[in-house]
Amino acid sequence: MGKTRLVASFAAAVGVLYVLVGVLEVVLCVATMDIPLVPQDLFGGFSIAVAGSTLLVGAKKLKKTLWEGAGFLLVGGGLATAFGVLYLLIIGASALDALIVGEAYEALADLRAEIALLPLSASLAYYGYRALSSS
Amino acid sequence: MSGKSFEALIPERRYEVASKITQRVVKKRETRPSISDALDQVFLHKWLGLPIFFAMLWAAFRWTFDASAPVSDAIDAFFSWLGEIAATVPNEVLASFLSDGLCGGLGFVLVFVGPIFFLFFALGLLEDSGYLARAAFLMDRLMHRFGMHGRSFICMLMGFGCNLPAIMSTRTIADEKDRLTTILVNPLMSCSARLPVYVVVAGAVMGQYASAAVFSMYVLGLALALMMALLFRRVLFGGEPSPFIMELPPYSKPLMRNVFIYMWERGVVFLKKAATILLAGALILWFLSTFPWGAGVENSYAGLLGHAIEPLLRPLGFDWRLAVALFFGFMAKEVVVEALGILYGVEEEEAVSAILANSITPLTGYAFMAFTLIYIPCLATIGIIRSETGSWRWTLFSVAYLLALAYIVSALIVALGHLLGFG
């Protein structure tokens, strides 16, 4: 299996994971159940599902043209990474906020799947950027 | 001929000739597409383009509201502390003026410096990267469908910051009908002045859905703007919007210096407003809600005014306090929050939220947010509509239709909410 096909398969797997997380976040808004690391978040779920879908399209296109697929990996991976970093920043901001107002803060409660998946999306975005820069 | 307009054909032919000349005189070493080309394949994708745009807007909103919270709370804590010191002044009236009027008023306004600067930082990043131009391009087809010019979207996007420069920026639209349509619907774009109202009300009654409720106000504003534009085009102006021709800049890594300048230039408008109109508004409000001295808020001048307006707004679930707050919002929308603070007799935004949580339902809160979004533009915006349209007729029309629309939409929200069992 060539390197590009391997990356395409990896991107497809990560894309599916993000779409699943996104759909769950949306579904949980109407369902009455709790899943660890997956909060109820209508727009957040939609957004991360869009990032996952972009990675899936990228994986498909990567099998045909490296250049076109790399663009999708860069944008999809970049978007998912941006959300992961954003959620980390929000945890930091909430902790600081709790310190200012003198309240207790439980950081674990704000952990999300997007943060756990951050290294995967960042690696795909980096691959996309490198592929486009060198082509 | 080809069915295209004259304005679209000229640049098309011009680009064809330029392309032929370039092919003849320029020798390229390689024909590989650039990173910008690859990114455009994604950002301007037929199906993914718009969802990606909305996802990026959502990221910008989470950044604006959630990441800026420590800044807001630090400012809030500072003015509360200052207010407590001012309250110890022996003269009761002076102590009330310094503590409730000055420190309370300033605290209520400046607490929103954080979200406003954070919002402009995010928009600055998108602008400097070259993405906002793509967003305008993406929206062009949609804008045309609603009888607007593609360039109108840029003006409307600017309206998310402040309607004043946004309305002035319509000067870039050549066609008079396109321009007038954009001016008339621009106040529906949720400017940063409405943000404090959303944050306080949604924070009070929407619980975990507060961010989504705030975001929905921006979507509602955009949707209403498109609908009204279509209506105006069909009923008032007629004809088709002129074509949108724009050269897309290449993507670039945003320069932090540019982003900070973008953020400062726009954010400082809010600071200037806080030091002038908003402070004046706070002091007028303090006077109206404190005098006659010792009568209590409900029997003060503001209370009398509120009770006079209340019957009009009672069907929407708004009490006299909400009515007074909306009345003073005519000066500047941020004053709505200040007014609520003064009328409820509290000095902190969190205290207003706590009182609102116990006095209004989520449905009333949401209808109040929608009313704040739509009703009467602020005084400064009305002035700029007058100067840009050069007509009192269009200015009064804009005020009247926005008031009527605000009432209708809020009433619909309340009625639908009751039907769905949210009452």
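Two residues are taken to be in contact if their C-beta atoms, placed from the backbone, lie within 7 Å. The structure is a predicted model, in which local features need pLDDT of at least 70 and side-chain atom pairs count only at pLDDT 80 or more, while totals for chains, interfaces and linings use all residues. Residues are numbered from 1 along each chain as its sequence is written, and chains are lettered from A and ligands numbered from 1 in the order in which they are written.

Chain B contains 20 helices and 0 strands, where helices (H or I, at least four residues) and strands (E, at least two) are DSSP runs numbered from the N terminus. Along the principal axes, the C-alpha atoms of chain B fill a box of roughly 85 × 45 × 45 Å. Among contacts in chain B between residues at least 6 apart in sequence, 75% join residues at least 24 apart.

Within chain B, helix H11(B) (residues 195-205) packs against helix H17(B) (residues 349-359) at an angle of about 50°, with the axes 8 Å apart; axes are lines fitted to C-alpha atoms, for helices over the stretch in contact, and angles run from 0 to 180 degrees between N-to-C directions. That angle makes H11(B) oblique to H17(B) (under 35 degrees counts as roughly parallel, over 145 as roughly antiparallel, 65 to 115 as roughly perpendicular and the rest as oblique). In this contact, Val200(B), Val201(B), Gly203(B), Ala204(B) and Val205(B) of H11(B) meet Glu349(B), Val352(B), Ser353(B), Leu356(B) and Ala357(B) of H17(B). These residues divide into 7 nonpolar, 2 polar and 1 charged, with Ala, Val, Leu, Ile, Met, Phe, Trp, Tyr, Cys and Pro counted as nonpolar, Asp, Glu, Lys and Arg as charged, and the others, Gly among them, as polar.

The axes of helix H19(B) (residues 379-389) and helix H20(B) (residues 392-419) come within 8 Å and cross at roughly 145°. Ile382(B), Ile385(B), Arg386(B) and Thr389(B) of H19(B) meet Trp392(B), Trp394(B), Thr395(B), Ser398(B) and Val399(B) of H20(B), a contact with 5 nonpolar, 3 polar and 1 charged residues.

Between the chains, 26 residues of chain B are in contact with 30 residues of chain A. Helices H2 (35-43), H3 (49-67), H4 (69-86) and H12 (210-237) of chain B each give two or more residues to this side, and H3(B) gives the most, with 9 residues.
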